[in-house]
Amino acid sequence: MARLFGYRLTHVAAGTVTLAMPANDANIAGIGQMEISAPMVAALEGACNTALPAGFDVLPLRLGFDPFRPAWPGRGNLLCRARVVSSSNLFVNAVVQVEDSDGRHVAQGSLHCAVVPISPPCPPPPDNMPPVQEPVYDTPDPYLRKVAVSPVLELMEREDGLEIMRQFKDGRIRMPVASLYGISLHDIEANRASLSMPASGWFCSFGRQVSAQAIGALANIAIFSGVVSLHRPGSTTVMLGSATTFLRQVPADGQRVHAEVTTCEAAPNVYLAEATLRTAAGGMAARSVASIMRIDASKRERRPRAEARRVLATLLFVDIVDSTSLAGRMGDVAWRNLLDEFRQRVRREISRFNGTEVDTAGDGFFVRFDSPAYAIEAARAAGNAIEGLGVKLRAGVHTGECELVGTRLAGLAVHIAARIMATAGAGETMVSSTVRELSGGSGFGFADRGEHELKGVPGKWRLYAVIP
């Protein structure tokens with residue numbers, strides 16, 4: 001699941017876990033917002049596991065999900081902060097708060113787990129445990145691949161939800177998150193929908209069972225299908241909350257898990273939805289219930305137009321040294337194949353060090369980081385990752401104020417970082433004096449390369465090379 005969506009733990013302590021997931025287009029559900037139940041469950045399970053003694057695991061029993069506002073894709077990461085609220089030798093309970101990439105509270109949830117012994121018992125740990133090597137694949141991780149996003153929000157202004165879901169069923173509308181999960185919509189009517197998802201090994205966590213993260217996501221997407229089908233032009237349909245009970249574990253045998261959802265109007269403009277998930281053999285795997293409200297769209301606050309604001313950021317530019325002559329020698333096909341492999345390896349390191357890809361052009365990357373140390377580490381790791389491709393990387397790092405408009409960065413700091421990269425040699429990372437001063441205590445060494453005039457930037461700039 002982590003490789004599928006790119007989420008990773010950024011903080012672990014006794015009883016608490018913070019998980020980050022790229023807020024990118026791969027997670028978009030039908031109406032443009034992200035599906036966030038899977039990273040919520042991952043954070044909750046992680047927090048629960050920190051409360052266990054050796055030799056035990058958690059078995060998720062019940063998930064509560066309370067969305068407050070849509071989680072829109074954009075720059076940066078979605079953060080899930082989970083903590084244990086009670087634990088015993090039988091049960092563990094945890095709660096989670098979810099923040100979008102702008103730091104807004106978008107949802108909260110809870111997970112009730114049973115404590116179960118691991119069977120057969122684990123062997124004692126070895127005296128020396130080498131670090132696990134991250135596997136490398138020939139293709140980019142799924143969340144890094146380009147996805148097609150349909151303009152569903154515009155359609156909802158003139159089409160009813162049932163017609164929109166029928167277009168999704170027919171393939172005329174794309175839901176990126178459904179493609180990641182391999183979800184198929186088999187049938188959609190006014191008060192009913194039928195979906196399925198493969199019990200794939202991609203959806204496992206540590207064992208050979210489909211994780212509660214994937215089962216919870218299928219239940220949430222099934223409920224979501226019912227929510228969208230209730231939409232009418234001029235109104236907005238919102239989920240108020242849901243509760244999912246996990247009834248049995250599902251083996252990752254490749255067979256399809258089926259979900260049936262029904263909706264009914266319990267009161268004027270208030271609806272109830274119920275989803276039942278079954279294995280290929282017919283056993284009930286989970287059951288989810290949700291409450292939904294339809295409101296006048298004019299009463300709902302519209303998303304504000306992105307306005308420029310000033311932010312402090314560390315900027316990294318990287319590209320391939322002497323790429324133009326290299327492309328001429330290799331030919332178009334070989335060069336394109338090399339670029340695909342180069343981008344895959346560099347993106348993996350960017351993600352590993354919490355970077356946000358701002359732009360990509362040709363063989364170059366423009367990346368934003370929260371700290372100079374992460375940017376330098378990412379540049380160093382990217383250089384190591386492309387060994388064997390027959391190319392060399394150069395990098396430039398600068399920290400300064402930028403103008404942020406939506407997900408784009410602009411301003412003098414961006415030009416400075418790009419010009420600093422242009423001064424770097426093959427396999428070299430050059431940084432500004434600002435980055436060197438902010439990196440004190442990080443363990444990096446720097447070699448003074450003197451003052452430079454940067455094209456289009458006023459004044460002289462003292463630059464430093466990171467010592468490998």
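A: Helix 2 is mostly covered, with 12 of its 13 residues buried. The model is a predicted one, and the values below are computed from it. The buried residues of helix 2 are Ser 37, Ala 38, Pro 39, Met 40, Val 41, Ala 42, Ala 43, Leu 44, Glu 45, Gly 46, Ala 47 and Cys 48. Helix 2 covers residues 37-49, and at 1.5 Å a residue it should span 18 Å.

The protein chain has 11 helices and 22 strands. Of its 468 residues, 49% count as buried. A compact globule with 468 residues would have a radius of gyration near 23 Å, and the 24 Å of the protein chain agrees with this. Taken along the principal axes, the C-alpha atoms fill a box of roughly 70 × 60 × 45 Å. Among contacts with a separation of 6 or more, 67% are accounted for by residues 24 or more positions apart. The protein chain exposes about 22600 Å², and carbon and sulfur atoms supply 51% of that area.

Aromatic rings give a second view of the chain. A pair of aromatic rings is described by the distance of the centres and the angle of the planes. The structure holds six aromatic pairs. One of them joins Phe 5 and Tyr 181, with 5.1 Å centre to centre and 45 degrees between the planes, and this pair is tilted. Phe 5 lies in helix 1 (residues 2-5) and Tyr 181 in helix 5 (residues 176-181), so the pair links distant parts of the chain, 176 residues apart. Both Phe 5 and Tyr 181 are buried. Another pair is Phe 444 with Phe 446: the ring centres are 6.5 Å apart and the planes are at 65 degrees, so this pair is edge-to-face. Phe 444 is buried, with a relative accessible area of 13%. Phe 446 has a relative accessible area of 19% and is buried because the cut-off is under 20%.

Rings also come together in a group, as Phe 5, Tyr 7, Tyr 181 and Phe 203 form one aromatic cluster. A ring can also have a charge over it: the charged end of Arg 436 sits over the ring of Tyr 464, 4.7 Å from its centre.

Key:
Residues numbered from 1 in each chain as written. Predicted model: local features only at pLDDT ≥ 70, side-chain atom pairs only at ≥ 80, totals over all residues. Heavy atoms only, no water. Phe/Tyr/Trp six-rings, centres within 6.5 Å; stacked < 30°, edge-to-face > 60°. Helix = DSSP H or I, 4+ residues; strand = E, 2+ residues; numbered from the N terminus. Buried < 20%, exposed > 50% of the residue type's maximum accessible area, 1.4 Å probe, protein only. Lys NZ or Arg CZ within 6 Å of the ring centre and 35° of its normal. Expected span 1.5 Å × (residues − 1). Rg over C-alpha atoms; globule rule 2.2 N^0.38 Å. Contact = heavy atoms within 4.5 Å. Areas by Shrake-Rupley, 256 points an atom, 1.4 Å probe, with all protein chains shown as cover.
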